[in-house]
Amino acid sequence: MKTIKKAALITLAAALSLSLTGCLSFGNKDETTIDAKAEKRGFLGLGGAKPISEQENATIGVNAYLWRASLDTISFMPLASADPWGGIIVTDWYANPEKPDERFKATVYILDTRLRADALNVSLYKQVNSGGQWVDAAVSAQTQIDVENAILTRARQLRLSNVK
C-alpha cells in the first residue's frame, strides 16, 4: 500500500513539474509576439494578415499603388503639397526648359482605396507667357487623359511587382 502511495506521489510530482516547465516556456514569450504570429496565421491557420496593399491603404487612407504611381509620374514637377490621407497631390508650376514660354501645374485626386481607373482624377493647368505676363490657357483633354493613363500604368506595374 505504501508503495502505491509513493508511486502516486512521484507521478503527481512529475506531472506538476512538467506542467510548470510548460508554463515557464510560454512565459518567455510576450503577448505581442504571440499576437503577431496569430495574426499572420489567422484563426486556426485560416485567413491571416491582410495583403500589403490593404495594410498600406489603412495607413495612408488611399490606394497605395495609385499614391506611389502619382508621385512617381509627376516627380519631374516641383511638389507643392501632398496629403496622403485625403489623397491630394498639388504641384507647383513647372516650365519645360525646351519650351520656357509655357508652364504647367497639376493636381491629382485619389478618390478611393481600390486600384480602379475611376479612383483617379488629374487636373492640369497651363499658362503661356504673353509679353512678360503669365496668362491662363486651355489644356487639351487628351493631355489629362495621357497623364492619368501614365499614372494607372505605373500603378499596375507597382501592383504586379508586389504579387508573389
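Trainee: Which residues does Ala-155 touch, leaving out those up to four places away in sequence?
Mentor: Ala-155 touches Tyr-65, Leu-66, Ala-69 and Leu-115. Keep in mind that this is a predicted model. Ala-155 itself sits in helix H5.

Trainee: Why is Ala-155 called buried?
Mentor: The relative accessibility of Ala-155 is 0%. Buried means under 20% relative accessible area, so Ala-155 counts as buried.

Trainee: How far apart are Ala-155 and Asp-72, in sequence and in space?
Mentor: They are 83 residues apart in sequence, while their C-alpha atoms lie 9.5 Å apart.

Trainee: Which residues of H4 and H5 meet?
Mentor: From H4, the residues are Tyr-65, Leu-66, Arg-68, Ala-69, Ser-70, Asp-72 and Thr-73. In H5 they meet Val-147, Ala-150, Ile-151, Leu-152, Arg-154, Ala-155, Leu-158, Arg-159 and Asn-162. Sorted by class, this contact has nine nonpolar, three polar and four charged residues.

Trainee: What is the handedness of the crossing, left or right?
Mentor: H4 passes H5 in a right-handed crossing.

Trainee: Let's turn to Pro-84. Where is Pro-84 found, and why is Pro-84 called buried?
Mentor: Pro-84 is in the loop between strand S1 (79–83) and strand S2 (88–91). Its relative accessible area is 18%. The cut-off for buried is under 20%, so Pro-84 is buried.

Trainee: What is in contact with Pro-84, apart from neighbours within four places in sequence?
Mentor: Ile-60, Gly-61, Val-62 and Trp-67 are in contact with Pro-84.

Trainee: How many helices and strands does the protein chain have, and how much of the chain is buried?
Mentor: The protein chain has five helices and six strands, in the order α-α-α-α-β-β-β-β-β-β-α from the N terminus. Of its 164 residues, 23% count as buried. The chain exposes about 11500 Å², with 59% of that supplied by carbon and sulfur atoms.

Notes
Residues are numbered from 1 along each chain as its sequence is written. This is a predicted model: local features need pLDDT of at least 70, side-chain atom pairs count only at pLDDT 80 or more; totals for chains, interfaces and linings use all residues. Side-chain values use heavy atoms; hydrogens and water are left out. A crossing is left-handed if the near helix is turned anticlockwise from the far one by less than a right angle, and right-handed if clockwise. Helices (H or I, at least four residues) and strands (E, at least two) are DSSP runs, numbered from the N terminus. Contact means heavy atoms within 4.5 Å. Ala, Val, Leu, Ile, Met, Phe, Trp, Tyr, Cys and Pro count as nonpolar, Asp, Glu, Lys and Arg as charged, and the others, Gly among them, as polar. Buried means under 20% relative accessible area, exposed over 50%, partly exposed in between (1.4 Å probe, protein chains only). Accessible areas come from the Shrake-Rupley method with a 1.4 Å probe; for residues, only the protein chains shown count as cover.
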